[in-house]
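Subject: Structure handover

Hello,

My notes on it come after the display.

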Amino acid sequence: MMQRVLSLYILLAVAILTGCDGGSMPEELRAVDSMADSHPDSALICLDRLAGQKDSWDKASRMRYELLKAKAQNKAYIPFTSDSIATIFTDYYDSHGTPNDRLLAHYLLGCVYRDRGESPRAVDCFKDAIATADTTAEDCDYRTLGAAYAQMAYVYHRQLLLTYEIEARRHASDYAYLAKDTFTAIYGQELVAGAYILLNQNKKAEDILKKTMALFKKHGYEKAAARSSNIMMALYVDDKEKLTELKRLIDIYEQESGLFDEHHELPPNKRQFYYYKGKYYEGIGHLDSAEYYYRKRYYPDMPPVAKDPMYRGLLSVFKKRHQADSIAKYAQLFCEANDSSIAIKDRELTAQMAASYNYFNFEKEAHKNALKAYRFLVGLILSVCIIIILSAVGYMASKHYRKVQKLKQKEHQQELSTISAMLAESKRKSNELRQKYELSEKKIEKINTQHKSEKDKLTEQISILKNTVEVTQRRSELSDQLKQSQLFKETGIMKRIKIFLNHPQRHLSDSDLKLLAETTKEFYPDLMNDISQTIGTDTLGEYVCILVALKISSAGITHLLDITSSQVSNLKQEINTAMFHEKTARTLYTNLSQRYGISGF
């Protein structure tokens, strides 16, 4: 008996000191977890819908919700502004979950500091993420591990810590291969070549780029291989002996990169190519063509660093033509774009960032050592307290046990002395009980009569309540339809359609139409099933039907789909006939709205 009491006290003390947490993850979160990587926008919509339920979940599910929300935000390129939530779920997963959970939590915390511009903290978080990964496990999340190295390399690049960047990029590529993400692995090697160019190790960069382009082609990434040639041009552009090879790379880039529009123009962030092409024509003595492509480098609101090569090229052309006025003009512009004070400030800023990083590492090590000492002291104090508590509990339990035994002996003697008196009293009480039984029978009969009357009243009230519930349910269904319609209007494709309606020159692309159909199916599956059975998918009729349901005018549909108004009118009549057996285009929107409950713009 004494041992059992002590065991119970020990278990109680351990439970108080350690705490507990449990519960299984809701099925909705499992579904979100599976879509967060491939469809982050949809994952965020689902998480917003679940926000009102999370307060009723256990702590493990709430932490999983916050982790998945941060993961989806990061995948959707939504910048983080606060580290409060990320710090909470990272602390939680440091004590709970799997190595993959801790890897993801620390990685996302690093992304938060990356977006906040706190580079040293970001790097340390990425290092913590890498340290938590269990690379010996079969289910190791190599994709996130590679991403941690890639983001760390990105931060190093911004700080011009190029040797650190190169090492991180190589690790990122290695783990991308293990994650079977071949494109990312090869692209990471291309970024390594860029770091070597900044280090003025052009031969090393050239060897890596040749290998990268060959790997892209080997695995079927022809456009990526062609785009890599743009980096190789930077290595050949000032070497007269490489002009033939430079021209070959220019031709490959123009023919296979897929970056040029229908007018053979490049977007602003890719127009450095025109500088390389101008350098080629200058190298073979075609100064007019060189001037043309140097000027083609221009785009509105160019930063000074982008103007530098353009002015440098034009200055070189006018020097060869001996045009004094133009030489003076572009010499001044080139100097302004290449102001030496900017370079000095950049060097100072880089030194400060490196010093800040080194100081933060030192500070962190000191903090870790202090924390270890503190934890040891706390552990020692807790151990002593537990021993004292258990000793006191044992003494009190032993004393309590002896007291209980004495009381039981006294009670046993009293019970023996009263048994005889109780036997004498039992006969008398049996008579009294019989009388009470008869009286109880009468009371029960009366109660049954009252119960039947109350039951009839309750039946009538229940009937009234059922009618009230039916009315409430109908109102709730209408409210749900309105909420669903509002969520539908806030999707990316709906916002894109609103923008396109105000821009006459922009039409919905094939990918836009596909996304429109997928999004509509998510919110209004009955509509999309009926369209599939009566009109068919991937047809003009399908897209016209959806846009009519959104209450977009015939003129707007003509603009968005880039078709004629007569086509729109004919398709509306065909749809109304197929779906509602009405041979007119006028009532199509009313029929769609009444059947599927869609509210338009």
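What follows is a summary of what was found, from the whole chain down to single residues.

Please keep in mind throughout that this is a predicted model.

Overall make-up

The protein has 601 residues, of which 35% are buried. Its secondary structure consists of 25 helices and zero strands. The exposed surface comes to about 37200 Å², and 55% of that area is supplied by carbon and sulfur atoms.

Salt bridges

How many salt bridges does the count give? The count is 23. In general, side chains of opposite charge can pair when their charged atoms come close.

Arg 116 and Glu 118 form a salt bridge in which the closest N and O atoms are 2.9 Å apart. Both partners are partly exposed: Arg 116 has a relative accessible area of 36%, and Glu 118 has one of 23%.

A second salt bridge joins the side chains of Arg 143 and Asp 181, with an N to O distance of 3.2 Å. Arg 143 belongs to helix α8 (residues 142-158), while Asp 181 sits in the loop between α9 (162-178) and α10 (182-198), so this pair ties together parts that are 38 residues apart in sequence. Arg 143 is partly exposed, at a relative accessible area of 43%.

Are the two partners buried or exposed? Asp 512 counts as buried because its relative accessibility is 7%, and the cut-off for buried is under 20%. Arg 496 is partly exposed, with a relative accessible area of 35%.

Salt bridges also link Asp 288, Glu 291, Arg 295 and Arg 321 in a network.

A positive patch

Which residues gather in a patch of positive charge on the surface? They are Lys 399, Arg 402, Lys 403 and Lys 406. One of them, Arg 402, lies in helix α18, which covers residues 340-489. Arg 402 is partly exposed, with a relative accessible area of 46%.

Thr 90 is part of helix α5 (residues 84-95). Its relative accessible area is 2%, so Thr 90 is buried. Apart from its neighbours within four places in sequence, Thr 90 is in contact with Ala 105, His 106 and Leu 109.

Ile 327 is part of helix α17 (residues 324-337). Ile 327 has a relative accessible area of 23% and is therefore partly exposed, as the buried class takes in values under 20%. Which residues does Ile 327 touch, not counting those up to four places away in sequence? They are Leu 315, Phe 318, Lys 319 and His 322. Val 317 is ten residues from Ile 327 along the chain, and their C-alpha atoms are separated by 8.8 Å.

Positive phi values

Tyr 77 has a phi near 60°, a positive value in a residue other than glycine. Tyr 77 is placed in the loop between α4 (59-75) and α5. With a relative accessible area of 76%, Tyr 77 is exposed.

For Asp 538, phi is likewise near 60°, again positive in a residue other than glycine. The loop between α21 (525-534) and α22 (540-549) holds Asp 538. Where does Asp 538 stand in accessibility, buried or exposed? Asp 538 counts as exposed because its relative accessibility is 64%, and the exposed class begins over 50%.

Regards

Definitions and conventions: Residues are numbered from 1 along each chain as its sequence is written. This is a predicted model: local features need pLDDT of at least 70, side-chain atom pairs count only at pLDDT 80 or more; totals for chains, interfaces and linings use all residues. Side-chain values use heavy atoms; hydrogens and water are left out. Helices (H or I, at least four residues) and strands (E, at least two) are DSSP runs, numbered from the N terminus. Buried means under 20% relative accessible area, exposed over 50%, partly exposed in between (1.4 Å probe, protein chains only). Contact means heavy atoms within 4.5 Å. A salt bridge is a side-chain nitrogen of Lys or Arg within 4 Å of a carboxyl oxygen of Asp or Glu. Accessible areas come from the Shrake-Rupley method with a 1.4 Å probe; for residues, only the protein chains shown count as cover. Patches are made of residues with over 30% relative accessible area and no salt bridge: like charges are joined within 9 Å, nonpolar side chains (Val, Leu, Ile, Met, Phe, Trp, Tyr) within 5 Å. Lys and Arg count as positive and Asp and Glu as negative; His and the chain ends are not counted. The place of a charge is taken as NZ of Lys, CZ of Arg, CG of Asp or CD of Glu.
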